[in-house]
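This briefing goes with the structure shown below. Please read the points alongside the coordinates.

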Amino acid sequence: MTKYLFLFVAGSIGIQAGSFAQSYLPEKRDEAMKVKPVIPLKAYAFNLKDVRLLEGSPFKHAMDMDAGLFAVVESGQAAEQIL
Amino acid sequence: MRGYLLSLSPDRLLNRFFKNAGIQPKDSVYGGWEHEGLSGHTLGHYLSACSMMYASSGDERFRDRVNYIVGQLAICQKARGTGYVGAIPNEDSIFYRLKRGEIKSGGFDLNGGWSPWYTVHKVMAGLVDAYLYCDNKEALEIVKGMADWTGDIVGGLTDEQRLKMLHCEFGGMNDVLANIYAITGEEKYLHLSYKFYDDFVMQPLAEGKADPIAGKHSNTNIPKAIGSARQYELTAAAGDGMIARRFWEIMVHDHTYVTGGDGNYEYLGAPDKLNDALSDNTTETCCAYNMLKLTGHLFCQEPLGSLMDFYERALYNDVLASQNPKDAMMLYFEPLRTGGKKQYSDSFNTFTCCVGSGMEDHAKYTEDIYFEGGGWKPLYQSFYSFCAELAGEEGDPDAADELSRKG
């Protein structure tokens, strides 16, 4: 079951990482990490802020619901009151 | 509505941080595990989740929230004067005795505390995420203080004492300390990260010995492999790479259900025997949360399709399915018993580990959908579903749009 897709995109891609927001997964332009990986990496994570979930996807729904939970934790209100 | 709610403070999650620092708390403690021996772990997850939610959504209210919490933790840390900041009941006694080499440990108990290093790790990881995703430099200073304090506690232990300590669940202490080394460049933190290296799961994996995780508590052990994966990236030490890869292979091939989850009543059974392990208490959600972290590291090291096949399976069936789509409450276990019924958390009186990791799960879906490659494979898309676009350089998403269309 190899349903994994390789994408072949010609030319260089103009994605630029922001000035700080980094993940703990290796990124190509790891400005927040003084120590760079010393093994040869073959893939790099994107910065969270460089990827946006599309409206209508189940992930976007889950993320929005989760954001709502934070509000619940703060307020002491029941979930159904705000969601 | 969210703006109003976010204007309120998270003081209830900070309750025991204040109390343990000898400062009057601003509000009462929450229920569930926050009212018990694991208190403080939720604040760590919450810091991580809000930090990532800020990065994922761009909503500055989450960054404000992170900044507030970090500021409060700084006050608590200063009041304590040891570098440590925490909310674990009786923590001063637990760690003082540990430092002196008085160690009573096993399973989830260390000197009478409930997996105290596990909770310390969550708070430290939250602070690291506040630094990484929200550029909160105070968070880095606080977590460096905690790391130095950790060195003070474990630095004088003999190897025998240290290994005894590691029989109690210690979360991802090796992982967060390796990350602090990567951020600061100070090698003492790398050395310290290896204090959390055990001889009964990690060493056998490094030596290529047979499955050492059969019969063991699943989520105690997955974070060890994540830490080893990170250490391998930063050191190229072959044994660490072996631990990470072999742990993944053994877990996924010999202990994982078709859903991508693992564990029955939180424990792993005999290899390749799951047919009689279908109960109401299968596949603790934290396990999938941690396995996805491990898989992300391994994919960066060697982008194999099999890794993302697993990732997709666990993400949809276990992580996404762990959230009630109607009210955002979380699952501890996903029941695989025929006729089993999902038991979701309560808003304020649960706060299990899976509520904490669940807060993070849904804030970072964007993390592994795409990966940058190189040469003839400049972009990897992990899932069939077209669910995200690359935003690219701020204000100039053309290149990203091009990529998205090809996705």
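Two strands count as paired if DSSP finds at least two bridges between them. Helices (H or I, at least four residues) and strands (E, at least two) are DSSP runs, numbered from the N terminus. On these terms, strand 4 and strand 5 of chain B form a hairpin with 2 residues between them. This is a predicted model, in which local features need pLDDT of at least 70, side-chain atom pairs count only at pLDDT 80 or more, and totals for chains, interfaces and linings use all residues. Residues are numbered from 1 along each chain as its sequence is written, and chains are lettered from A and ligands numbered from 1 in the order in which they are written.

**Confidence**

- The model scores ipTM 0.91 and pTM 0.91.
- Chain B has a mean pLDDT (the predictor's confidence in each residue, from 0 to 100) of 92, and 94% of its residues reach 70 or more.
- Residues 1-5 of chain B stay under 50 in pLDDT, and the model has 9 contacts for them beyond four places in sequence; a contact means that the C-beta atoms of two residues, placed from the backbone, lie within 7 Å.
- Over residues 393-407 of chain B the pLDDT is also below 50, and this stretch has 25 contacts in the model beyond near neighbours in sequence.
- Where pLDDT is low, the predicted coordinates should not be read in detail.

**Chain A**

- Chain A contains 2 helices and 3 strands, in the order β-β-β-α-α along the sequence.
- Of its 83 residues, 45% count as buried; a residue is buried if 20 or more other C-beta atoms lie within 10 Å of its own, exposed if 12 or fewer, and partly exposed in between, with C-beta atoms placed from the backbone.
- Among contacts in chain A between residues at least 6 apart in sequence, 26% join residues at least 24 apart.

**Chain B overall**

- Chain B has 17 helices and 6 strands, and 57% of its 407 residues count as buried.
- The C-alpha trace of chain B spans about 55 × 55 × 50 Å along its principal axes.
- Of the chain B contacts between residues at least 6 apart in sequence, 67% join residues at least 24 apart.

**Nonpolar core**

- The largest nonpolar core has 143 residues, and B:L127 and B:V143 have the most contacts inside it; such a core is a set of buried Ala, Val, Leu, Ile, Met, Phe, Trp, Tyr and Cys residues joined through C-beta atoms within 7 Å.
- Helix 6 (residues 116-134) of chain B gives this core its largest share, 13 residues.
- Leaving aside residues up to four places away in sequence, B:L127 touches B:L47, B:A139, B:I142 and B:V143.

- Helix 13 (residues 238-254) has 17 residues and reaches 23 Å from its first C-alpha to its last, close to the 24 Å expected at 1.5 Å a residue; the expected span is 1.5 Å times one less than the number of residues.
- Its buried residues include B:I243, B:F247, B:W248 and B:M251.
- Helix 11 (202-206), helix 12 (218-235), helix 14 (285-301) and helix 15 (305-319) of chain B are among the elements covering the buried residues of helix 13.
- Helix 14 of chain B is largely enclosed by the rest of the structure, because 17 of its 17 residues are buried.
- The end C-alpha atoms of helix 14 of chain B are 25 Å apart, which agrees with the 24 Å that its 17 residues should span.

**Hairpin and backbone**

- Strand 4 (residues 370-374) and strand 5 (residues 377-381) of chain B run antiparallel and are joined by 4 bridges.
- B:Y370 stands opposite B:Q381 in strand 5 of chain B, and B:G375 in the turn has a positive phi of about 60°.
- Most residues other than glycine have a negative phi.
- B:N111, not a glycine, has a positive phi of about 50°; B:N111 lies in the loop between strand 2 (109-110) and strand 3 (113-114) of chain B, and is partly exposed, with 19 other C-beta atoms within 10 Å.
- B:T283 has a positive phi near 45°; B:T283 lies in the loop between helix 13 and helix 14 of chain B, and is buried, with 28 other C-beta atoms within 10 Å.
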